[in-house]
Amino acid sequence: LFYLDNRNRLLSDEAAPELEDITFLNRAIAIRALALHATAVIGLHVQPALKPVALSTAARTLETALRPLSIVLHDILLDTPNTSVRSFRQEGLL
C-alpha cells in the first residue's frame, strides 16, 4: 500500500497486514492511514492469489470503508506474471 498526503506525496509504502477477514484488514488499513495523516491510498497486488473479480470486490469494500474518513482510494494495481501492470480504475473494476 502507498499512503499519500493531500498533495499526493508518498508518506509511506508498506505491506498490508495479512488478515483473512476483509473487515479487519480494512480496519487495519484505515487505522494506519489515519496514523500517517494520509488522505489517499494506492494498493498494489504482486502475483495475487485471488482472481481480479474477487480483488475488485475487496477493493470496493475498502473504498467504502475509507470514504467516511475522507481518505480516497486512488487505484488498485495488479502485477501478474506475463502481463503488464493492470489498473482496476482503468478497467472499471473500482
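Is N8 buried, exposed or partly exposed? The residue counts as partly exposed because its relative accessibility is 46%, where buried means under 20% relative accessible area, exposed over 50% and partly exposed in between (1.4 Å probe, protein chains only). The model is a predicted one, in which local features need pLDDT of at least 70, side-chain atom pairs count only at pLDDT 80 or more, and totals for chains, interfaces and linings use all residues. Residues are numbered from 1 along each chain as its sequence is written, and side-chain values use heavy atoms, with hydrogens and water left out.

Starting with the overall picture, the protein chain holds two helices and five strands, and read from the N terminus they come in the order β-β-α-β-α-β-β. Helices (H or I, at least four residues) and strands (E, at least two) are DSSP runs, numbered from the N terminus. Along the principal axes, the C-alpha atoms fill a box of roughly 35 × 30 × 20 Å. Buried residues account for 32% of the 94. Of the contacts (heavy atoms within 4.5 Å) between residues at least 6 apart in sequence, 62% join residues at least 24 apart. The chain exposes about 6,000 Å², with carbon and sulfur atoms supplying 56% of that; accessible areas come from the Shrake-Rupley method with a 1.4 Å probe, and for residues only the protein chains shown count as cover.

Now for the sheet. Its five strands form an open arrangement in the order β2-β1-β3-β4-β5, with mixed pairing. At the edges stand β2 and β5 (86–87), each with a single partner strand, so one side of each is left without a neighbour in the sheet. Two strands pair here if DSSP finds at least two bridges between them. β1 and β2 run antiparallel and are joined by three bridges. Among the facing residues, Y3 stands opposite S12 in β2, and F2 has D13 as its bridge partner in β2. Helix α1 (residues 22–36) packs on the sheet, where it touches β1 and β2, and its direction makes about 40° with that of β1. Axes are lines fitted to C-alpha atoms, for helices over the stretch in contact, and angles run from 0 to 180 degrees between N-to-C directions.

Back to N8: it lies in the loop between β1 (2–4) and β2 (10–13). The two strands make a hairpin with five residues between them, and N8 in the turn has a positive phi of about 60°, although it is not a glycine. S70, not a glycine either, also has a positive phi of about 60°. Its place is in the loop between α2 (52–66) and β4 (72–79), and S70 is exposed, at 59% relative accessible area.

F24, in helix α1, is partly exposed at 47% relative accessibility. Its C-alpha atom is separated by 30 Å from that of S84, 60 residues apart along the chain. S56 sits in helix α2 and is buried, with a relative accessible area of 2%. Leaving aside neighbours within four places in sequence, S56 is in contact with F88 and L93. The side chain of S56 reaches the backbone oxygen of L93 at 2.3 Å.

Terms used. Polar contact = N/O pair within 3.5 Å; in protein donor to acceptor, adjacent residues only side chain to side chain.
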